[in-house]
Amino acid sequence: LRRKTPEMLDQLVVNGNLSNDSIDFLLTILQGETSDRLKAMSDYWNSSEVAEGYSEGALGDDNSLEIFSQKADFLSSQLNNDDAVLDLGSGTGLSAKIIFEATQRGQKTVRFFGTDISKLMFDNNALKDRYENFVVADLQQGIPQEYRDLKPKVIMSIGVTTYFNPDGM
């Protein structure tokens, strides 16, 4: 991965998907010690520029959630009134919003709980008024204490599990 990454990152720049500053950051993370990488990643997601840019882009028309959207009614059919849904790495809240809307179509009242590493990301969260509780926390440190006894019916984590630290989880 370390050998192929620079080549893959260069292609992302050519395609206009990534800036040179982002490449430098990603290479620093990949080449550092694990603890340094985790701290750098935390700092990255907590920066206002990253959180605001990600939120603005993701809150728009995002085709990457299309398949998830198609499965939302099925997921909703598995939920009952008062079931808890835990959204790990809530980000912009789009995935929770999709499930929320599906439960509304099914006339169900489901409780949503969320967590994200970035307070700024939560500030731009599309579903923030629907969460029964939201905790700003770094999942590298494990599931937030507030949720360890929750026993949710569904745990969702769209695009975030790749950042989990297995030791912390």
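Trainee: In this predicted model, which residue forms a salt bridge with Asp83?

Mentor: The closest N and O atoms of the pair are 3.7 Å apart, and a salt bridge requires a separation within 4 Å. Asp83 lies in the loop between helix 5 and strand 1, and its partner in the loop between strand 3 and strand 4, so the pair ties together parts 70 residues apart in sequence. The partner of Asp83 is Lys153.

Trainee: Is Asp83 buried or exposed?

Mentor: Buried means under 20% relative accessible area. Asp83 has a relative accessible area of 16%, whereas Lys153 is partly exposed at 45%. Asp83 is therefore classed as buried.

Trainee: Which element gives the largest share of the largest nonpolar core?

Mentor: This core has 17 residues, and those with the most contacts inside it are Val85, Ile99, Phe112 and Tyr131. Helix 5, helix 6, strand 3 and strand 4 are the elements that give two or more residues to the core. The largest share, five residues, comes from helix 6.

Trainee: How many residues does the second, separate core have?

Mentor: Its members include Leu86, Phe113, Leu139 and Val160. The number of residues in this second core is ten.

Conventions. Residues are numbered from 1 along each chain as its sequence is written. This is a predicted model: local features need pLDDT of at least 70, side-chain atom pairs count only at pLDDT 80 or more; totals for chains, interfaces and linings use all residues. Side-chain values use heavy atoms; hydrogens and water are left out. A nonpolar core is a set of buried Ala, Val, Leu, Ile, Met, Phe, Trp, Tyr and Cys residues joined through side-chain atoms within 4.5 Å. Buried means under 20% relative accessible area, exposed over 50%, partly exposed in between (1.4 Å probe, protein chains only). Helices (H or I, at least four residues) and strands (E, at least two) are DSSP runs, numbered from the N terminus. A salt bridge is a side-chain nitrogen of Lys or Arg within 4 Å of a carboxyl oxygen of Asp or Glu.
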